[in-house]
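Me: I would like to learn how to read a protein model feature by feature. Please give the general idea each time, and then the case at hand.

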Amino acid sequence: MHRRIRASARPAWIFGLVLASLAAFGLVGGARATAAENDNAIAMHGEPALPKSFDHLPYADPKAPKGGRIIFGQQGTFDSLNPLVVLGVAPDAVPRYVQQSLLFRSADEPFTAYGLLASKVELNSERTLLAFQIDPRARFSDGKPVTAQDVIFTFEMLKTKGKPFHRSSLSRVTKAEAPSPDRVVFELGDGSNRELPLVIGAMPIFARHATDAEKFGDTSFKPALGSGPYLVEEVKPGEMLRLKRRKDFWAEEHPLTRGLFNAEEIRYDFYRDSNALFEAFKAGLYDVRLESDPTRWMTGYDVPAVRDGRIIRDTLRFQTPKGMTGLVFNTRRAQFADIRVREALAMLFDFEWANRNLFHGVYRRAGSFFADSELSALGVPADEHEKAFLAAFPGAIRDDILAGTWAPTATDGSGRDRDQARRALDLLEAAGYRLSDGQLRQGEKGEPFSFEITVTNRPQERLALNYATSLGRLGIAVSVRLIDDVQYWRRLSTFDFDMIQWTWPASASPGNEQVGRWGSVNAERKGALNYAGVRSPAIDATLQALLAARSREGFVAAVRTLDRLLLSGFYAVPLYYLPETWLARSREITLPQRRPTFFFSTETLARLPAPPAPAN
């Protein structure tokens, strides 16, 4: 039987026991790379794949056409240009195209980043000391050099006023200093957070001389001054954002940017709802669309623009683990506090019926937060390494999940599976609920069991209504509320919801973002991503072990343990995932022939030049 772990403060001795267990089983030991072997890159595990003298990224095309305009469509609106702070809703355009970071992540490796603003990286084998040498060529768009003081300024702003991810991660740094204008040094405590050097290297660097420190955390339509390839040319609040390529971009021939950032102009257009967004794409009003709706992909593209080749559809395959899409229980709510209730409600989602009738059978059932990869615990029994780790947390993982025999419940596909309903009702009765007059009621007071599902688009609404119907057959009163994008994000930032649909994307190297999603420290922190309100000493310790793992073997074991703990906690109703990535694009938009291994990179896109006008 699964035994619940009471949320409490994390005793220091538990971490010591866990880390000792990991070391005893070889999970935090292993080969130690020295910085001297490759001083222009950091790999999370192993060694960087590219030699120091590489000319361009393998998936970038240096001969890609330059110029033209690429338009992206986005659902919703925006009231800020800084997505790195808690307040406001902002697109990713400025950190992606206007600013640069010390390191640039390769989409061809699980987690390796190469020096961009930093011409040299120094990292000791214990990962307790990190230093960057700033490239003397690096310039902000006003012509002033990027300095170590700009890096320190950025670090302090994100640590004190940034989103919880940066506040939590960067607080692990024990000292940051700039001993010279072109050198910055970070002391990283005991080195147990081995991803921290990569997190620091990924900070979008702000210009100290052009940034108001007092107002850094406020919403603003004033774009940050950056060193990247684009400038913000025009802003229509909530509607449109236009970027123009710099003529004096300092890294024009840098190996990391050759073949990337090819368009002369980039524009973001915003649409209020998903239907308007799709209609705009069919009409040719924007150029690139990542499609996630199976009904649209299967039937919505039967239009003249596709038939005559003006729109091209690509099915892309990447080696990245497939994440989890689920209906998230806000466990801060009393009705979801009992794990038996959450498990029962998860049983009542009829994936087989929904996949066939709503999604054309294209989805696979989600049963892991890291599906289709070696990181997944689904169907894999825990090995001795995991068991040794879990000795400090007896009963934290269900026996069937530990044995690898658990799987999400399957139904007969009828939409009215009586066996599943009976099993769910048994669990609900064990949790103190009873069916009375067609309603599920709790305890002596007999209060009806009810909750609300908050959604932000029509596909979410359709699924939520179908799920609400299934729950209604067991006397559970579920309402579905569709709200606009701005209100939705504001409510999420304060955890003001009962249930939402959410997707947790996965990378080939899960790290500090997992602390943001599941760490107890983020359960009540405004703006954090721990939407389920998870508070678990076992999960907290596993997250630390994941970040401390030195070997690939130890890392895989830690991620699988995290997967098992999340599945055992029933923090979400597992829904589904797409095994492929669907991309629709204008025929003028080109992709490189060599695709990245792990994720889609919009920076590789280019626009074909317009054909010459016919001669008179």
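The turns below go through aromatic pairs, charges over rings, nonpolar cores, strands, a helix and backbone angles in this predicted model.

Me: How many aromatic pairs does a search of the whole structure find?

Reply: A pair of aromatic rings is described by the distance of the centres and the angle of the planes. The search of the whole structure finds 33 aromatic pairs. Take F78 and F221: their ring centres are 5.9 Å apart and their planes are at 75 degrees, so this pair is edge-to-face.

Me: Where do F78 and F221 lie?

Reply: F78 is in the loop between β2 and α2 (93–98), and F221 is in the loop between α5 (196–201) and β9 (230–236). The pair therefore ties together parts that are 143 residues apart in sequence. F78 is buried, with a relative accessible area of 3%. F221 has 33% relative accessibility and counts as partly exposed.

Me: Which kind of pair do F389 and F393 form?

Reply: Their ring centres are 6.4 Å apart and the planes are at 40 degrees, so the pair is tilted. Both F389 and F393 are buried.

Me: Which residues do ring pairs link into a cluster?

Reply: The cluster consists of Y271, F278, F281, Y286, W297, Y301 and W582. W297 also has a charged neighbour: R313 lies over the face of its ring, at 4.5 Å from the ring centre. In another case, the charged end of R245 sits over the ring of Y230, 5.9 Å from the centre of that ring.

Me: Which residues touch the most other members of the largest nonpolar core?

Reply: In soluble globular proteins, nonpolar side chains tend to be buried together. The largest nonpolar core here has 106 residues, and L345, F449, F451 and Y467 touch the most other members. Helix α18 (residues 552–569) contributes the largest share of this core, 8 residues. Leaving aside neighbours within four places in sequence, Y467 is in contact with L327, L345, A346, L348, F349, I453, M499 and V573. A second, separate core has 81 residues, including F78, L243, L316 and F318.

Me: In which sense do strands β7 and β8 pair, parallel or antiparallel?

Reply: Strands of a sheet pair through backbone hydrogen bonds, either parallel or antiparallel. Strands β7 (residues 175–180) and β8 (residues 183–187) pair in the antiparallel sense over 4 bridges. The two form a hairpin with 2 residues between them. One of the bridges has K175 with E187 in β8 as its partner.

Me: What is the order of the open sheet of 3 strands?

Reply: The order is β16-β17-β18, with antiparallel pairing. The edge strands are β16 (433–436) and β18 (447–448), each pairing on one side only. Strand β17 (residues 439–442) is joined to β18 by 2 bridges, and R441 has P448 in β18 as its bridge partner.

Me: What do the buried residues of helix α15 pack against?

Reply: They pack against β2 (69–75), β19 (450–455), β20 (477–482) and β21 (499–504). The buried residues of α15 (residues 485–493) are D485, V486, Y488, R491, L492 and S493. At the start of the helix, a side-chain oxygen of D484 reaches to within 3.1 Å of the backbone nitrogen of V486.

Me: Which residue just after α15 takes a positive phi?

Reply: Most residues other than glycine have a negative phi, and most peptide bonds are trans. Just after α15, F495 takes a positive phi of about 60 degrees. F261 has a positive phi of about 55 degrees although it is not a glycine, and so does D437.

Me: Are F261 and D437 buried or exposed?

Reply: F261 lies in the loop between β10 and β11 (265–271) and, at 6% relative accessibility, counts as buried. D437 is in the loop between β16 and β17; at 78% relative accessibility, D437 counts as exposed.

Terms used: Residues numbered from 1 in each chain as written. Predicted model: local features only at pLDDT ≥ 70, side-chain atom pairs only at ≥ 80, totals over all residues. Heavy atoms only, no water. Buried < 20%, exposed > 50% of the residue type's maximum accessible area, 1.4 Å probe, protein only. Contact = heavy atoms within 4.5 Å. Polar contact = N/O pair within 3.5 Å; in protein donor to acceptor, adjacent residues only side chain to side chain. Pairing = 2+ DSSP bridges. Phe/Tyr/Trp six-rings, centres within 6.5 Å; stacked < 30°, edge-to-face > 60°. Lys NZ or Arg CZ within 6 Å of the ring centre and 35° of its normal. Core = buried A, V, L, I, M, F, W, Y, C linked by side-chain atoms within 4.5 Å.
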